[in-house]
Amino acid sequence: MVTVEFAFFLAHLLQQENSVAVCKGTVLSHSFCLWTLKNFCFLSDAVSTSAYSSPAKSLGDPGITPLSPSHIVKDSDADDAVEQLFLVVVAIDFGTTSSGYAYSFTKEPECIHVMRRWEGGDPGVSNQKTPTTILLTPERKFHSFGYAARDFYHDLDPTESKHWLYFEKFKMKLHTTGNLTMETDLTAANGKKVKALEIFAYALQFFKEQALKELSDQGGSDFENTEVRWVITVPAIWKQPAKQFMRQAAYKAGMASPENPEQLIIALEPEAASIYCRKLRLHQMIDLSSRAPVNGYSPSDTIGTGFTQAKEHVRRNRQSRTFLVENVIGEIWSELEEGDRYIVVDSGGGTVDMTVHQIRLPEGHLKELYKATGGPYGSLGVDYEFEKLLCKIFGEDFIEQFKIKRPAAWVDLMIAFESRKRAAAPDRTNPLNITLPFSFIDYYKKFRGHSVEHALRKSNVDFVKWSSQGMLRMSPDAMNALFKPTIDQIIQHLSDVFDKPEVTNVKFLFLVGGFAESPLLQQAVQSAFGSRCRVIIPQDVGLTILKGAVLFGLDPAVIKVRRSPLTYGVGVLNRFVEGKHPPEKLLIKDGTRWCTDVFDKFISADQSVALGETVTRSYTPAKPSQLVIVINIYSSEQDNVSFITESGVKKCGTLRLDLTGTDASVPSRREIKTLMQFGDTEIKAMAIDVATSKSVKVGIDFLNY
């Protein structure tokens, strides 16, 4: 294989040979360089008047211009043919604190079946989903997931439990790790490390086996994986490396393969919620603006046209919980007019992210108006505040040692807190009692030489008292104070979003996700934004994303226009222009003056891009024998980027063209046309050898570069 270091030259439209592209770190004297063919086009005013119009133009968007004169829009008939290969769509909502799956048969898309109820559970906590916890044996083999993992770990003797590897809330690692790779580790409760890819693959394999078993039991015969289209939800604010990581974990779990990537779809959580919210009927939502007991719905009302008694009988009697959805848009849209806008706030365990959509009637297709935004403002923030409170009372050194020496007891304590956390409400007047595990009380006495009660008296924390029943007694104000920092961050971020010009005249705000069940968060959102829009909470709010992900799997083309979260491009060389280019960027090669490190933009941050729209680049190998072309991709949160060396510009991935297996007996200047799609939930690429019209293996790698 020829070395992947190379340079490549770009030529402007109309044969204006005045620019050259180069990958960062490439030495121009290196013998491998890559000329772009003269028919490649840059973004220019001339392009916008060409015959190649942007698909976004037809959707009424004035802001997008083709980056190249070549655009390909997927044929809907071809998509339908692909859809018919799958008998069922199974969606997995892989959450930070809890997870679950749901499914729908492609011939009965109005019925969404939520997985069987899980064994186990906690007092006061719904078990429609299961905790995102996983347990490995001391030999690092998969043992159990969810309640089974947590309960087994809890029952282990402390001397034995330290050898087992218990993981919880590990999904956040993909968001918080800046340099995520296939080698990234996760740390178990006992401090031992395991490759994150293995843990995620174990979890996805568990859900795969559970879903296939339920489908097989329901059908009376074995259900094959090839008959399933899988959908996995991820936060919309996740970067491309995290999305690719989740896809690789799914491949490792056997859900799909690199040879059959379309069997797996990555769904963005607030988008999935938005898709489901389109279908809402009046009795399926709570309007915080009115707080009407039944939201204008009479129990005597019919369920809806086309929903037969037979299907209602099926819904009541299946082992799985079945939800019926409209096969058209729901009643809520009767109040919407063409162009109306709404915002979806997905409040989960780890992150809160938001998307702003506009509905196109009568089809109900959606258009994203502002790029997905959010941050690590999930309900874990409340847990963190509780841990800080414990550190203040008992000492940070003790809490750290207790977590290491008694990991199972720490899990017990946080389970007890979770139950009381869900009981927090703005109008609550009676205290909340949190049971301390006996091992906490015992270990503290050995560690400090005095009692837990003594520590509370000495801590000067007046709003937490000791109960003789072995419990911490927290006043409602004390519990509410634990929520305040996290809720304040959510409200501030939402306020910033509402101030954007694209987010004016929002009609609805849909509050979804597990954290949306909190009355404290509901009241804060209603108080801050109730005067600007109607705040709506769907019933079964914790399942909204799961059900929407199923609908997305049935119709992935429902989101017609998205916004790019980042600016993407490659490094190029341009003809050096005195007075325009910095002197330090000057490079003279064979008597020609070049400007190095110029950022050639593929797409801008927050730019509208239509589903199926492609950005085209053409490359040619430096030598006929060259078998691999690797091009570095750069990204930035800023729109106006001039050079790849600017602050905030990062190398984020590589575009790899594999020419092995193609016909080398073609003209020496072979054109490899590469097409990249930015309008889907993942960046995709394809490539064609123009001389032979054959496909070229291509991959965009955001993990190993």
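1. Lys-507 and Asp-340 meet through their side chains in a salt bridge, with N and O 3.4 Å apart; the term denotes a side-chain nitrogen of Lys or Arg within 4 Å of a carboxyl oxygen of Asp or Glu. The pair links distant parts of the chain, 167 residues apart: Lys-507 is in strand β23 (residues 506-512) and Asp-340 in the loop between β16 (321-324) and β17 (341-347). Helices (H or I, at least four residues) and strands (E, at least two) are DSSP runs, numbered from the N terminus.

2. Asp-340 counts as buried at 17% relative accessibility, and Lys-507 as partly exposed at 30%. Buried means under 20% relative accessible area, exposed over 50%, and partly exposed in between (1.4 Å probe, protein chains only).

3. This is a predicted model, in which local features need pLDDT of at least 70 and side-chain atom pairs count only at pLDDT 80 or more, while totals for chains, interfaces and linings use all residues. Residues are numbered from 1 along each chain as its sequence is written, and side-chain values use heavy atoms, with hydrogens and water left out.

4. A second salt bridge joins Arg-457 to Glu-453, the closest N and O atoms being 3.7 Å apart. Both residues belong to helix α15 (residues 452-459), four residues apart, about one turn of the helix. Arg-457 is exposed at 57%, whereas Glu-453 is partly exposed at 37%.

5. Salt bridges with shared partners unite Lys-169, Asp-383, Glu-418, Lys-421, Arg-422 and Glu-517 in one network. The whole structure holds 27 salt bridges.
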